[in-house]
Amino acid sequence: MTSTLPSSSPWPDSNPFVAPHMSENSPQALESDDRSSLSDLSDISSAITAATADDAEHRAETSVTSPAAAATTPTTVQNINPNPTSISLPVDSSTPNILYLSFNQDHGCFAAGTDRGFRIYNCDPLREIFRRDFAGNANGGGGICVVQMLFRCNILALVGGGPEPQYPLNKVMIWDDHQSRCIGELSFRSEVKSVRLRRDRIVVVLAQKIFVYNFADLKLLHQIETVANPKGLCEVSQVSGSMVLVCPGLQKGQVRVEHYASKRTKFIMAHDSRTVCFALTNDGRLLATASSKGTLVRVFNTLDGSLVQEVRRGADRAEIYSLAFSSTAQWLAVSSDKGTVHVFNLKVDSAALGVDRPRGASESNATSPSAVSHLSFIRGVLPKYFSSEWSVAQFRLQEGLQHIVAFGHQKNTVVILGMDGSFYRCEFDAAAGGEMTLLEHHSFLKPEENF
């Protein structure tokens, strides 16, 4: 099959996306800053070899297409920041349906999977970096239900989905956007629920099993059995050299924590009811969980499993859509189907976590009226609800619409993405709390000139 894409890369030279070096012989490269200029991932394309993991219940088969022999997947490309040597082909101007949204590991970018392909955006300033529209080609319908970025590099993990999937739902496709094609795939006997990436690992989540692979050669390293996991819950730390993985355990409400550096497994009974949402700090030391009740969010120390803090979203049941830590683990953001994004102040021992937290208004705010109930003086007499820790800041959204949240790179800002294509950037007052201030609101599916 002949490619309809130009052979040159559609990435402009000034693009902030870079490729981390995946060679195991260059550990120094993994320590480099995510935004620094690192080497290309062409060594992955040549180093990936076939690997097979046999299992009685779910057999994971890894098949990799040779770069020399493979035909490039035909795609339709529109470059928002076009490379002068690239050709922009016509695309459907109607608005696609969003199937999936996710931030990258440092929350500086986000990816949208649609019923036609996928799009990658920069958060600050908001702009579309590139898109790949597959709809109408001979290989599939274009639908992508999982898009996982690896910081700002050219490698992504894709899973087909929607009414007309581009790829089978039981396959993870490793996409190299420098080559504008898939350089490898992981096949399973059941549907892939989610994927998580590190510079050295690929984690694939099925309904009741998790597979951990080495990124350089797709060798299977670990298999984990879980309770039924229809949402594909799983998070991994991003600090180089010390991977922490959290996933559902084998009981309702139980969370399993894998510390790969020390080869220890910790089980935490996080909730009485089913766990529906996770968040993990980049160093893997703090874990936030929410249950199907959606009233409380609990924060745990992953090293010893102890409960560090418990905060209350509200009194009514809610479906929690996302949880997010700030980069310093000072704040925790929560979004739910109730239409309100909450920001909580975390009273964490920074020295114990090895994190430098700024001093000032935020520390005094930990005991402010907005953080702790006014009725806390009768703690132990009335139900626990009256002594709960409440959110410091809030932002109101359309109730019932799914939103995900992350902290922005600007101080005390939150970025909110909606499944309708909405983008919000809000600012909260760390000292006074209360309603957040809306800084900007856009529809990221519209052309860039509307941002």
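This is a predicted model: local features need pLDDT of at least 70, side-chain atom pairs count only at pLDDT 80 or more; totals for chains, interfaces and linings use all residues.
Let's start with the aromatic rings. The structure holds 16 aromatic pairs. One of them brings together phenylalanine 110 and phenylalanine 423, whose rings are stacked, with 6.3 Å from centre to centre and 25° between the planes. Phenylalanine 110 belongs to strand 5 (residues 109-114) and phenylalanine 423 to strand 30 (residues 422-427), so this pair ties together parts of the chain that are 313 residues apart in sequence. Phenylalanine 110 counts as buried, at 0% relative accessibility, and phenylalanine 423 is buried at 0% as well.

Phenylalanine 110 has another ring partner, phenylalanine 444. Here the ring centres are 5.0 Å apart and the planes stand at 70°, so the pair is edge-to-face. This pair also links distant parts of the chain: phenylalanine 110 sits in strand 5, while phenylalanine 444 sits in the segment after strand 32 (437-443), 334 residues away. Phenylalanine 444 is buried too, with a relative accessible area of 0%. If you step back, you'll find a cluster linked by ring pairs, made up of Phe103, Phe110, Tyr121, Phe423 and Phe444.

Now for the strands. Strands of a sheet pair through backbone hydrogen bonds, and they can do so in a parallel or an antiparallel way. In this model you can pick out an open sheet of five strands, in the order 24-25-26-27-31, with mixed pairing. Its edges are strand 24 (320-325) and strand 31 (434-435), each of which pairs on one side only.

On one side, strand 26 (residues 340-345) pairs with strand 25 (residues 331-336) in the antiparallel sense, over four bridges. Along that pairing, leucine 332 stands opposite phenylalanine 344, and alanine 333 has valine 343 as its bridge partner. The two strands form a hairpin with three residues between them, and glycine 339 takes a positive phi near 85° there. Strand 26 also runs antiparallel to strand 27 (residues 393-396), joined to that strand by four bridges. In this pairing, threonine 340 has arginine 396 in strand 27 as its bridge partner.

So which way do the residues of strand 26 point? Thr340, His342 and Phe344 go one way, Val341, Val343 and Asn345 go the other way, and all are buried.

Strand 20 (residues 275-280) is mostly covered, with six of its six residues buried. Five bridges join strand 20 to strand 21 (residues 286-291), and the two run antiparallel. Alanine faces alanine at one spot, where alanine 279 stands opposite alanine 288 in strand 21. Five residues lie between the two strands of this hairpin, and glycine 284 in the turn has a positive phi of about 80°.

Glutamate 258 has its place in strand 18 (residues 254-259). Is glutamate 258 buried or exposed? At 5% relative accessibility, glutamate 258 counts as buried, because the cut-off for that is under 20%. The side chain of glutamate 258 makes a polar contact of 2.6 Å with the side chain of arginine 256. A polar contact of 2.9 Å joins the side chain of glutamate 258 to that of threonine 265. Leaving aside residues up to four places away in sequence, glutamate 258 touches His222, Ile224, Met243, Val244, Leu245, Arg264 and Thr265.

Last stop: the cysteines. How many disulfides does a search of the whole structure find? The search turns up zero disulfides. Take cysteine 109: the closest cysteine sulfur, in cysteine 123, is 6.3 Å from its own sulfur, which is too far for a bond. Cysteine 109 is buried, with a relative accessible area of 0%. Cysteine 247 is in no disulfide either, and the nearest cysteine sulfur, that of cysteine 234, is 5.7 Å away. Cysteine 247 is likewise buried, at a relative accessible area of 0%.

How values were computed
Residues are numbered from 1 along each chain as its sequence is written. Side-chain values use heavy atoms; hydrogens and water are left out. Rings of Phe, Tyr and Trp (its six-membered ring) pair if their centres lie within 6.5 Å; planes under 30 degrees apart count as stacked, over 60 as edge-to-face and the rest as tilted. Buried means under 20% relative accessible area, exposed over 50%, partly exposed in between (1.4 Å probe, protein chains only). Two strands pair if DSSP finds at least two bridges between them. A polar contact is a pair of N or O atoms within 3.5 Å; within protein, one must be able to donate a hydrogen and the other to accept it, and residues adjacent in sequence count only if both atoms are side-chain atoms. Contact means heavy atoms within 4.5 Å. A disulfide is a pair of cysteine sulfur atoms within 2.5 Å.
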